[in-house]
Each structure stands twice: as structure tokens, then as C-alpha cells.
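Work through these exercises with the sequence and the model open. Try each task before reading its solution.

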Amino acid sequence: MFRPKALGGALTALATVAAGVFIATAVSTSPAVAAGTGTGYLHTNGSQIVDSTGATVRLTGINWFGMETDNKTFHGLWSSNPWRGQLDTMARLGYNTLRVPYSNDALKPGATATGINDFVNPDLIGLSPLQILDKVIDYAGSKGMRIILDRHRPTSAGQSPLWYTSTVSEATWINDWKMLAQRYAGNPTVIGADLHNEPHAEGTNPAATGACWGCGDTTRDWRLAAERAGNAILGVQPNWLIFVEGVSCPSGGLSNVWDNDPSNDEDCGWWGGNLSKAGQFPVRLNVANRLVYSPHEYATSVYHQTWFDAPDYPANMPAIWDKYFGYLYKQNIAPIMMGEFGSTLADPKDRVWLEKLMAYTGTGVTGMSFTYWSWNPNSGDTGGIALDDWTNVNTTKQAILQPYLIAPSGGGPTGGPTGGPTGGPTGGPTTPPPGACTATYRQVNAWQGGFQGELTVKNTGSAAVNPWSVTWTWPSGVTLGSGWNATVSQSGTTVTAAAPGHAPSLAAGGSVTVGFTANGTASAPGAVKLNGAGC
């Protein structure tokens with residue numbers, strides 16, 4: 001995915017890093033309730049994002065792109081790491097929010113998702129792009145993660161300076177947003193809409209044709225368009241946050257061009273990164289406390305801006321960030337959620353930039369929110385957190401980001417109960433009496449050399465089992481591919497599905513369904529036990 005970022009038309013196809021764990025931890029459609037992302041729907045309070053209880057929330061997320069491209073779904077589904085395994089890694093590393101870029105092409109009736117490894121992801125076979133998105137949202141929500149939807153491009157062909165094109169009207173843009181808001185109404189895993197990715201300048205002043213901020217021209221003023229779309233969405237789903245990016249040049253015309261007219265030159269920033277006029281011309285929404293400004297910020301691997309060569313670099317950077325977006329946060333006007341930032345770190349200046357930028361966002365729950373670009377390793381001018389195998393992680397980048405990440409509940413070492421007073425009894429797991437469970441098995445799919453199944457175990461005892469653990473056996477030659485709804489592992493012919501940290505207890509009368517894919521001849525689990533007691 002290539003996206004021009006700066007004045008010189010630099011192209012950006014950003015990458016991410018994902019650590020490969022072939023084991024998923026929990027599938028559910030329940031609302032996100034997590035230490036990192038709060039309870040219920042979110043709203044704003046000055047410069048902070050807060051949850052339904054008023055507790056401060058910091059979104060520390062990552063971008064997983066692909067739905068905006070010709071594939072019309074997440075990239076990396078072609079890899080040997082199942083889609084759930086990739087989300088498991090994101091959560092384990094501490095990313096509590098997923099920003100999902102899409103194009104309007106992916107939302108059309110009959111749209112087809114491509115680039116999927118059917119052997120690794122058999123549960124995605126035949127699904128539309130929106131149906132795959134549904135599954136990702138459900139699973140991410142079960143891990144305590146939040147989802148921000150990002151209208152990245154009008155079509156899969158490329159980015160546009162304005163929110164509409166000759167083939168994708170403003171009405172289509174808004175109607176598709178309303179459809180998505182209705183589709184996910186009542187599901188607080190999905191918290192909001194990033195209205196349009198990287199509006200930017202085009203043409204030469206005074207005949208500018210690109211996105212402006214505060215110019216008053218309804219065909220080009222991004223601030224006014226954001227109000228129209230934001231209010232239309234809030235009319236359908238008043239609980240969503242509305243994420244509004246900046247422009248590149250407030251006039252909507254290119255600066256620093258050889259037009260022999262110095263008066264037309266102005267101070268411009270990254271595409272989507274310039275919110276310098278938002279204080280003077282704020283976005284006005286009909287529902288209070290829903291606006292979040294979302295700038296983009298990049299390093300030299302995307303485009304070599306002049307400020308990288310300043311004699312006082314990097315000490316000059318905080319003032320630049322203050323000017324373009326930081327003042328909105330520091331003056332308590334609105335929250336900041338940096339929707340994209342990243343670099344290959346090939347230039348030593350870029351590592352300094354990233355370290356300085358993260359420090360600028362602040363530490364702890366009150367710092368600026370962000371979603372790093374990106375998980376994908378196939379982002380041409382940034383690379384990603386995931387390496388090319390979509391499994392292992394770029395440890396250099398991750399080490400810089402790690403101190404600022406707030407893991408979702410159950411997602412990482414700081415997320416979810418792990419024992420003691422909040423995590424169940426410390427004297428060991430509760431064991432039900434023999435026969436106090438039942439087990440049912442359903443084969444979901446089968447193919448040459450493998451199969452997919454679901455094992456449902458019900459606690460028929462009179463007390464909760466905490467933490468729960470299910471074991472079963474398979475014939476020799478059957479091996480685990482991936483698992484979800486538990487931490488699933490195999491030793492010899494015995495498979496163990498251990499409770500995820502955020503849902504350790506199986507209540508009396510409660511059931512858990514462990515899903516898996518396996519290699520070998522399709523076989524039902526044998527000798528199923530709940531905490532050592534046969535079912």
C-alpha cells in the first residue's frame with residue numbers, strides 16, 4: 001500500500017511487526033472491558049479520552065492494513081501465522097487498539113477478499129471483506145482491544161487529496177460511514193470513525209484544488225466536510241468518537257513551489273498532519289465530547305523534511321509538534337490520537353526522532369493516544385512491527401514503543417488477573433468431582449491434510465472451576481495447528497487448553513468452546529478432562 005506523505009510526493013507504504021504466536025486466547029462478541037481501554041463507549045473530557053465510568057483511557061494501538069488495497073482484506077492472511085495468532089501477538093505486545101484502513105471498494109456488494117491462505121485460515125473461506133472484518137472485531141473485542149475504522153481511500157487504486165473523487169461522491173462517503181455505524185451499533189469494541197485518511201494540498205495557489213482548513217470553500221474545506229460526515233455518523237451512532245485528521249497546507253495549495261510568488265508559500269506539514277488552524281476553526285459536532293484530532297507524523301524514511309537538518313535537531317522537534325497539533329492537547333482543547341507514525345529506522349536520525357516523539361506524547365494513562373504504522377512488514381517506506389514472516393517482531397522498534405504501551409486485559413503481562421486476590425484462589429486450581437462436566441465436539445471443516453473443530457466443555461458441577469484447564473488426546477500423527485478461546489498447546493498426543501488470563505473462571509453451569517485447527521486425519525478429541533476430571 002503506497003501513500004504519498006509529504007510535499008515532494010514521497011510515497012508511503014508503511015510496515016508493521018507482528019510476533020508470531022500460533023495460539024489465540026479468546027473468542028467472544030462481548031464488549032471490550034479492559035484496564036487499557038476502559039468500559040463501555042468512550043467520550044472526551046478536555047484533552048483526555050474517558051470511558052463510560054469517567055476513567056481515563058489511553059489508546060496505544062497499531063495499524064493493520066490491507067482492506068484498503070486490491071486484496072480488500074487484511075494483509076498477512078497469506079502467511080503461515082493464522083489471523084488470530086497475529087492479533088494475539090499485538091495484544092501480548094501491549095497494543096490495545098487496532099486501526100483498520102479500508103476503501104469504499106471493500107464495502108461494495110459482491111466485494112471479494114483475496115490473498116488468504118485457506119489452509120491456515122479455513123474459517124475465512126468464502127467470507128466477504130465485511131464478514132472478515134466482523135470476525136476480527138469480535139476476536140479483538142474478546143481480548144479487550146478497541147477498533148477504529150479508517151476510511152483510507154475512496155477506491156483501492158490510491159489515496160485522494162479530497163474526501164470525494166469523480167467516481168466516489170461525498171454522498172457515498174457519508175452513506176458508507178452510516179452503514180458501518182449501524183452495522184456495529186451496540187458493540188463498543190468499535191469506538192469510532194477516522195473520517196478520511198490524509199487530506200492534502202494539490203495545485204498551486206491561488207488556484208489550489210486540494211484540501212484546505214478554514215478556507216470556507218465547501219468543495220475543499222476539510223473542516224466543514226468533517227463536520228458534515230461526523231454529524232451524519234453521530235445521527236446514527238451518537239456513542240462513536242469522531243477522529244479528524246489535519247491537512248498538509250491550510251490553503252490547500254502546494255507550498256515551496258517554483259511559482260515566483262513568495263506570498264503564496266506557507267508552512268506545510270505531513271499529509272493529514274497539519275492541525276495548526278484547528279484552534280481558530282474547530283470542528284463543530286452536534287454531540288458534545290466526541291471529537292478527537294488525529295494527526296500523522298513521520299520520519300526521514302518517508303520524506304526528508306527540512307526540520308530534520310536543523311542545527312538543533314532533535315531539540316527543535318517539540319516546538320514543531322506543538323505548532324502542528326500538540327497545542328490542542330496542551331491547551332486542553334481536545335484529545336490527540338496520532339493515527340500514523342513510523343519509520344524503517346534505517347537513518348540514525350529516525351531512531352532519535354521516534355524516541356523523542358514517544359517522550360513527547362507523555363507517559364502513563366494521561367498521555368496522547370496513538371496507533372503505530374504499522375503491523376505490516378510490507379509497508380515500503382516504514383516497515384513494521386512484524387517481520388517478513390508475519391510472526392517474529394522487530395525488537396528494536398518494539399523496545400522504543402514498549403514503555404508507552406498499555407496492554408488490553410488478557411493481552412500482555414500487565415493485562416488481566418494472574419492469580420491472588422483478583423485472579424482466583426492462590427492455593428491451586430479448583431478441581432470438580434469426577435463426572436462434573438460434559439463434552440461435545442463439532443467438526444467445522446476438513447481438507448487434505450487437516451481439519452478444524454470445536455470442543456465445548458460444560459461445568460456441570462455446583463462450583464466454579466478457577467482457573468479452568470481442558471485436556472484431550474489425539475491419535476499419533478495428529479498435531480495442533482492453531483487454537484483459540486484458550487491458550488492451546490500440545491505435548492505428545494495430549495492437548496491442553498488453558499484458561500486465558502482475562503477469563504480464568506468457568507462458572508457452575510457455564511461452558512467454554514475451544515476452537516482449533518489441526519494437521520493430520522480428522523479425529524475427535526478423546527479422553528476429555530476438565531481440570532483432571534473426566535467428562
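**Exercise 1.** Among contacts in the protein between residues at least 6 apart in sequence, what percentage join residues at least 24 apart?

*Solution.* The model is predicted: local features need pLDDT of at least 70, side-chain atom pairs count only at pLDDT 80 or more, and totals for chains, interfaces and linings use all residues. Residues are numbered from 1 along each chain as its sequence is written, and side-chain values use heavy atoms, with hydrogens and water left out. Contact means heavy atoms within 4.5 Å. The share is 77%.

**Exercise 2.** Describe how helix H1 packs against helix H2.

*Solution.* Start with the elements. H1 covers residues 83-93 and H2 covers residues 129-142. Helices are DSSP runs of H or I, at least four residues, and strands are runs of E, at least two, numbered from the N terminus.

Next, the geometry. The axes (lines fitted to C-alpha atoms over the stretch in contact) make an angle, on a scale from 0 to 180 degrees between N-to-C directions, of about 40°, and lie 11 Å apart. H1 and H2 are therefore oblique to each other. Angles under 35 degrees count as roughly parallel, over 145 as roughly antiparallel, 65 to 115 as roughly perpendicular and the rest as oblique.

Now the residues. Trp-83, Arg-84, Leu-87 and Asp-88 of H1 meet Lys-135, Val-136, Tyr-139 and Ala-140 of H2. This contact has 5 nonpolar, no polar and 3 charged residues.

How values were computed
Nonpolar A, V, L, I, M, F, W, Y, C, P; charged D, E, K, R; others polar.
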